[in-house]
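Have the sequence and the 3D view open as you read.

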Amino acid sequence: MDVPLAIACRKINKRYPHFSLSDVDLSVEEGTVMGLVGPNGAGKSTILRMVMGLIGPDSGSVTVLGHRMPDEQMAAKRDIGFVAEDMRLYESQSIAFHMDFVKSIFDSWDDTYAANLLRSFDLKKEQKVKGLSHGQRVKATLLLALARRPKLLVFDEPTTGLDPAVRKEVIDEMMNALESESHSILFSSHNTLDVEQISDYITFIYGGRIIESCNKEDFMDGWRRIRLSNPDGKPLPMLKNIKEMQQHGRLCSLTVDQYDEGVAEHLRQSGLKVDAVERLTLEEIFLSNVHHAKANLSKEAGL
Amino acid sequence: MSTSIIPQLLKKDFMLSRRMILVFCLVSLLGVVAIALLFGRVPDWALINVGFLLLMSPAATCGIVLLMTTVVFEKEKSTQAFIMSLPVTPRHYALSKLLINVGVFGVFWLAISAIAFYFAFGRGLFPSGTMPFVIMVLLGAFVAYIGILSVSLWRQSLGLTVLSIALFEMGTSAYLWVVAFLDPVADFIYGPEPVWNSTAVGIVSAQVLVAVGLIAMTLLYQSRRRDFL
């Protein structure tokens with residue numbers, strides 16, 4: 001049986017003078033966490049804003065919680081909590097003012113949960129926003145998004161600029177928000193540690209294109225770095241899943257996607273000595289992916 | 001669950017601006033008291049100039065400060081992203097901004113219009129023949145405000161809003177000069193009775209239509225807008 005989708009982006013395109021989003025397909029299943037990873041300017045915020053209905057695609061479709069965006073954004077946003085790194089609250093007002101305002105809009109506002117969040121985030125309702133640190137401001141914004149008990153949480157770089165302690169608090173609360181299986185999270189980050197920690201699925205984006213998207217286990221299991229010795233200087237076999245290659249004299253390092261034992265065997269048969277097969281961290285996988293995508297884009301552009 | 005949150009947005013903007021609105025109300029009240037005290041003690045021409053300044057300045061300044069804080073700075077200070085994360089469409093957002101700004105300025109404008117009418121015609125500062133022109137002047141200020149508000153909602157740009165303030169102010173002054181020298185208006189301006197000839201009716205109707213048209217165009221533009229942030 002198909003798992004219902006919280007978010008379905010189909011072939012979305014958006015053109016700006018100096019940037020374009022090309023044929024983006026993105027699916028987030030209900031009850032899962034999708035981490036969107038990409039360098040600055042890759043298109044992460046544009047995708048999240050399309051999911052929120054704040055930007056309309058030039059072509060393609062965006063469906064969120066069964067609502068077509070941006071046309072049905074009012075109904076969809078009743079069940080979405082959105083936090084963006086560049087989102088600000090009213091500086092002259094207190095956290096209580098914002099809580100009362102959001103509570104007046106959402107019937108689902110949970111006073112007990114809001115009080116718990118205030119306590120666990122060490123925030124005081126009476127605090128004016130202008131007196132909050134960056135970390136406190138992010139936590140206040142997160143509180144406003146979580147206490148309304150949304151079905152879908154969309155976070156745009158929520159942990160950027162936070163110290164490790166606050167980052168952990170924010171990540172922990174994001175995880176707590178997933179108590180119910182029907183809740184889903186889509187979040188963007190260039191911090192691969194955060195993504196690795198909480199995501200079920202990971203999507204890499206570069207230059208306005210999705211370069212890879214699958215579940216975390218497949219990512220972590222599929223990528224390997226193979227360290228080789230090539231004493232006789234034999235030519236390396238051209239395997240299609242080699243994403244990156246570095247050669248220093250007789251020593252060689254290959255970064256490989258969709259790894260299986262057959263790859264190492266093939267290298268041995270080609271007269272190479274396999275010294276080690278290592279797992280990669282998500283950051284290394286991300287960097288390798290970006291490197292590969294960059295090379296492909298340059299090739300396409302004829303550079 | 002599909003109800004609009006415009007009332008909550010209006011309440012929020014009013015709560016954010018209430019102190020500023022109160023200050024301008026008090027300044028206006030002081031202006032009215034000053035006019036009442038000066039009445040009969042200074043020459044009429046001086047009272048007309050000072051009175052216009054005392055009545056119009058607080059209303060215009062309040063209107064401009066309100067649109068700056070509720071429209072322009074909401075974009076500049078990134079609080080708009082917070083508002084747009086709530087169940088609100090661009091059209092509802094624009095409508096709430098129009099309502100709060102036109103509402104507050106409209107109340108000010110109606111109050112100063114009533115006070116201006118009282119002093120001008122109730123206390124005999126102007127002959128009754130000036131009434132159509134005074135209405136044109138007051139409507140001119142209202143149309144200029146709607147124009148500035150439409151520009152600020154169109155782009156939410158500080159520079160463009162400031163430019164529109166300068167252009168609408170100069171444009172309205174120039175327009176009123178032209179109107180004042182039109183024969184069908186000028187010939188009756190010092191008359192004992194207001195004369196509502198076709199020119200006077202046409203000018204007033206055009207002013208009302210421009211104000212309504214600007215509001216309609218702003219709402220239409222916002223409802224067709226695909227990119228909001």
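Two residues are in contact if their C-beta atoms, placed from the backbone, lie within 7 Å. By that rule, 21 residues of chain B are in contact with 21 residues of chain A. On the chain B side, helix H1 (6-38) and helix H3 (79-84) each supply at least two residues; helices here are DSSP runs of H or I with at least four residues, strands are runs of E with at least two, and both are numbered from the N terminus. H3(B) gives the largest share of that side, 4 residues. Sorted by class, the side of chain B that touches chain A has 11 nonpolar, 6 polar and 4 charged residues (Ala, Val, Leu, Ile, Met, Phe, Trp, Tyr, Cys and Pro count as nonpolar, Asp, Glu, Lys and Arg as charged, and the others, Gly among them, as polar).

A quick word on what you're looking at: this is a predicted model, where local features need pLDDT of at least 70 and side-chain atom pairs count only at pLDDT 80 or more, while totals for chains, interfaces and linings use all residues. Residues are numbered from 1 along each chain as its sequence is written, and chains are lettered from A and ligands numbered from 1 in the order in which they are written.

Now for chain A. It is divided into domain 1 (5-219) and domain 2 (222-300), with bounds that come from an automatic or database domain assignment. Where do the two meet? On the domain 1 side, the elements giving two or more residues are helix H7 (192-198), strand E9 (201-206), strand E10 (209-215) and helix H8 (216-222) of chain A. The largest share, 3 residues, comes from H7(A). In total, 12 residues of domain 1 of chain A are in contact with 10 residues of domain 2 of chain A, and the C-alpha centres of these domains lie 35 Å apart.

Chain A also has an open sheet of 4 strands in the order E2-E1-E4-E5, with antiparallel pairing (strands pair if DSSP finds at least two bridges between them). Strand E2 (19-29) and strand E5 (67-69) of chain A stand at the edges with a single partner strand each, so one side of each has no neighbour in the sheet. Further in, 5 bridges join strand E1 (residues 5-16) to strand E4 (residues 59-64) of chain A, and Cys9(A) stands opposite Val62(A) in E4(A). Helix H1 (residues 44-51) of chain A lies across E1, E2, E4 and E5 of chain A, at about 60° to E2(A). Axes are lines fitted to C-alpha atoms, for helices over the stretch in contact, and angles run from 0 to 180 degrees between N-to-C directions.

Back in chain B, two helix pairs are worth a look. The axes of H1(B) and helix H4 (residues 90-122) of chain B come within 10 Å and cross at roughly 15°. That makes H1(B) roughly parallel to H4(B) (angles under 35 degrees count as roughly parallel, over 145 as roughly antiparallel, 65 to 115 as roughly perpendicular and the rest as oblique). By class, the contact of H1(B) with H4(B) has 13 nonpolar, 2 polar and 1 charged residues.

In the other pair, helix H5 (residues 131-155) and helix H6 (residues 158-180) of chain B pack at about 160° with their axes 9 Å apart. H5(B) and H6(B) are therefore roughly antiparallel.
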